[in-house]
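I opened this entry to keep track of what I looked up, one topic at a time. The coordinates go in first, then my notes.

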Amino acid sequence: MRPTSVAAAAIAISFFISAEYPGSAQEKERAAPKRIAIRAGRLIDGKSEAPVVNALILIEGDQIVSVTTAATAPAGVQVIDLSKATVLPGFVDTHTHLLLNGDITSEDYDVQLLKQSIPYRAILSARNARIALEHGFTAMRDLETEGAMYADVDIKTAIANGEVPGPRMQVATRAMTPTGMYPLLGYSWELQVPKGVQYVDGVEGARKAVREQVMYGADWIKYYSDRRYHFESDGVLHSMVNFTDDEAKAIVDEAHRLGKKVAAHAIGSDGIAAALRAGVDTIEHGDGMTDALIDEISKKGVFWVPTITVGAYVAPGRGGNWTKMVDLKIALGTDAGGFDWKEVNQAKEFEYYVNYGMTPMQAIRSGTVVPAELLGWSGKMGTIEAGKWADLVAVSGDPLKDITELQRVKFVMKGGAVYKNDVH
Ligand SMILES: [Zn+2]
């Protein structure tokens with residue numbers, strides 16, 4: 001600003017202040033949150049057993065204020081016409097890796113850690129977050145950065161500040177294994193290669209690592225309960241357990257003491273059992289689930305995040321017990337990043353759940369209401385009702401008849417802002 005313009009600016013500011021004192025009409029107009037009415041031809045609200053026909057969703061600012069079957073929207077409110085579409089709560093993926101782009105072979109993985117800088121990977125993660133949002137995912141739990149340190153905290157912050165489009169995020173930062181139990185491995189001992197996790201040893205080391213990750217912004221603590229998965233003569237998928245029970249319990253205890261929850265990667269039955277002994281909050285993958293483990297997970301109220309999409313993509317022919325799953329708290333999780341974000345739509349996971357025996361409504365709940373509870377955000381999302389964030393999506397057809405409709409999301413709103421509208 002040139003010196004001569006300072007006085008003029010001061011006058012302009014004082015005029016601005018006196019003309020718009022608090023409480024004036026202009027002030028009220030500016031302060032009033034934007035009001036939008038969405039006309040939904042069919043509404044799957046996440047709590048009713050059947051869809052509501054011809055619903056009117058009234059939104060103020062970032063929140064839903066009412067859901068009615070009123071014929072007309074209030075005067076002066078912007079109306080979005082989705083009367084030919086099905087409206088649902090925004091989808092939630094509780095197991096993603098925004099900083100990973102395909103992990104079919106160990107070369108795919110190593111190249112990303114060895115040849116891509118963390119800033120480059122962070123830029124790609126912003127692209128991935130936008131893809132996820134446009135596919136209808138308005139919230140995600142990102143379960144470790146695979147060597148990109150704390151860059152997930154940065155992408156979460158950039159989204160929350162409105163700098164880049166993306167889902168609401170909870171992040172786990174670096175994840176943990178004991179020394180030598182996660183790549184990069186197999187390189188000359190003379191080379192200092194990056195690691196996909198933080199190596200953590202001993203009870204004191206476990207507590208310190210939890211404190212460190214929480215200090216840098218971890219919402220969740222993730223650890224790898226097992227590795228080396230193999231079928232044994234009992235027909236069950238077994239595994240080698242990574243941490244001693246004392247170490248795993250120290251991780252969980254310290255995380256809980258600091259008010260954080262714990263996710264355990266556990267594929268084989270031994271890894272699942274060890275994670276349940278340690279007291280984790282969510283079991284990731286869980287392929288080696290047995291009847292006894294299903295009973296235990298159910299009794300303890302632990303969430304199971306099956307991640308079928310990545311399994312189907314990278315390892316066809318997996319086992320598992322799906323008959324009792326309707327009794328369980330199954331939260332949708334895909335392991336996106338384990339497959340390329342540009343190639344596979346995360347909403348494919350809904351289709352797998354239906355193929356494995358869920359009803360379409362159960363599958364929808366596993367990707368909306370149940371994960372909202374997992375994230376501790378039940379009061380704010382997961383259903384379409386008054387008081388919740390205005391996070392919703394729309395598809396043209398009826399997902400209760402064809403679950404693959406969820407892979408063709410036409411409309412996305414997060415926090416009352418429209419990010420996509422291809423409904424015609
Ligand atoms: Zn994963």
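**Helix H8**

In H8, I found Ser-269, Gly-271, Ile-272, Ala-274, Ala-275, Leu-276 and Ala-278 buried. That is seven of the ten residues of the helix, which spans 269–278, so I noted H8 as mostly covered, buried being under 20% relative accessible area. Just after H8, Gly-279 takes a positive phi of about 90 degrees. I keep in mind that this is a predicted model.

**Zinc site**

Next I looked up the metal. Which residues coordinate the zinc ion? I found His-95 and His-97, each through NE2, and Asp-335 through OD. The distances are 2.0 to 2.1 Å. I wrote the donor spacing in sequence as H-x1-H-x237-D. His-95 sits in strand E5 (residues 91–96), while Asp-335 sits in the loop between helix H10 (308–314) and helix H11 (348–355). The pair is 240 residues apart and links distant parts of the chain. I checked burial too: His-95 and Asp-335 are both buried.

**The sheet with E5**

I followed E5 into its sheet. Three strands form an open sheet, ordered E5-E6-E7, with parallel pairing. E5 and strand E7 (168–171) are the edge strands, each pairing on one side only. Neighbouring strands here are turned by 15 degrees against each other on average, direction ignored. I then looked at the E5 and E6 pairing: four bridges join E5 to strand E6 (residues 137–142). Val-92 stands opposite Ala-139 in E6.

**Strands E1, E2 and E3**

I moved to the antiparallel pairs. Strand E1 (residues 35–43) pairs with E2 over eight bridges, in the antiparallel sense. Ile-38 has Ile-57 in E2 as its bridge partner. E2 also pairs with strand E3 (residues 63–68), again antiparallel, over five bridges. There, Leu-56 has Thr-68 in E3 as its bridge partner. The hairpin of E2 and E3 has two residues between the strands, and in it Gly-61 takes a positive phi near 65 degrees.

I also found a salt bridge here: the side chains of Arg-35 and Glu-60 meet at 3.4 Å, N to O. Arg-35 lies in strand E1 and Glu-60 in strand E2, so the pair ties together parts that are 25 residues apart in sequence. Arg-35 is partly exposed at 34% relative accessibility. Glu-60 is partly exposed as well, at 30%.

**Other salt bridges**

How many salt bridges does the count give? I got 20. Arg-211 forms one with Glu-254, the closest N and O atoms being 2.8 Å apart. Arg-211 is in helix H6 (residues 202–215) and Glu-254 in helix H7 (residues 245–257), 43 residues apart. I traced a network of salt bridges that links Arg-207, Arg-211, Asp-253, Glu-254 and Arg-257.

Glu-351 and Lys-348 meet through their side chains at 3.2 Å, N to O. The two are three residues apart in helix H11, so about one helical turn separates them. Glu-351 counts as buried at 17% relative accessibility; Lys-348 is partly exposed at 25%.

**Backbone checks**

Asn-54 has phi near 50 degrees. Asn-54 belongs to strand E2 (residues 52–60) and is partly exposed, at 47% relative accessible area. Met-149 also has phi near 50 degrees. Met-149 is in the loop between E6 and helix H5 (151–160), and is partly exposed at 35%.

I found a cis peptide bond joining Pro-183 and Leu-184, with omega about 10 degrees. Leu-184 is in the loop between strand E8 (176–177) and strand E9 (198–199).

Leu-114, Tyr-187 and Leu-191 form a nonpolar surface patch, with about 260 Å² of accessible area together. Leu-114 lies in helix H3 (residues 106–115) and is partly exposed at 40% relative accessible area.

Last, I looked at Gly-387, in the loop between helix H13 (369–374) and strand E16 (392–395). The C-alpha atoms of Gly-387 and Val-65 are separated by 5.9 Å, though the residues are 322 apart along the chain. Gly-387 is partly exposed, at 31% relative accessibility.

Terms used: Residues numbered from 1 in each chain as written. Predicted model: local features only at pLDDT ≥ 70, side-chain atom pairs only at ≥ 80, totals over all residues. Heavy atoms only, no water. Donors = N, O, S within 2.8 Å, 3.2 Å for Na, K, Ca; no water. Buried < 20%, exposed > 50% of the residue type's maximum accessible area, 1.4 Å probe, protein only. Patch = residues over 30% accessible without salt bridge, like charges linked within 9 Å, V, L, I, M, F, W, Y side chains within 5 Å. Areas by Shrake-Rupley, 256 points an atom, 1.4 Å probe, with all protein chains shown as cover. Salt bridge = Lys/Arg side-chain N within 4 Å of Asp/Glu carboxyl O. Pairing = 2+ DSSP bridges. Axes fitted to C-alpha atoms, helices over the stretch in contact; angles between N-to-C directions.
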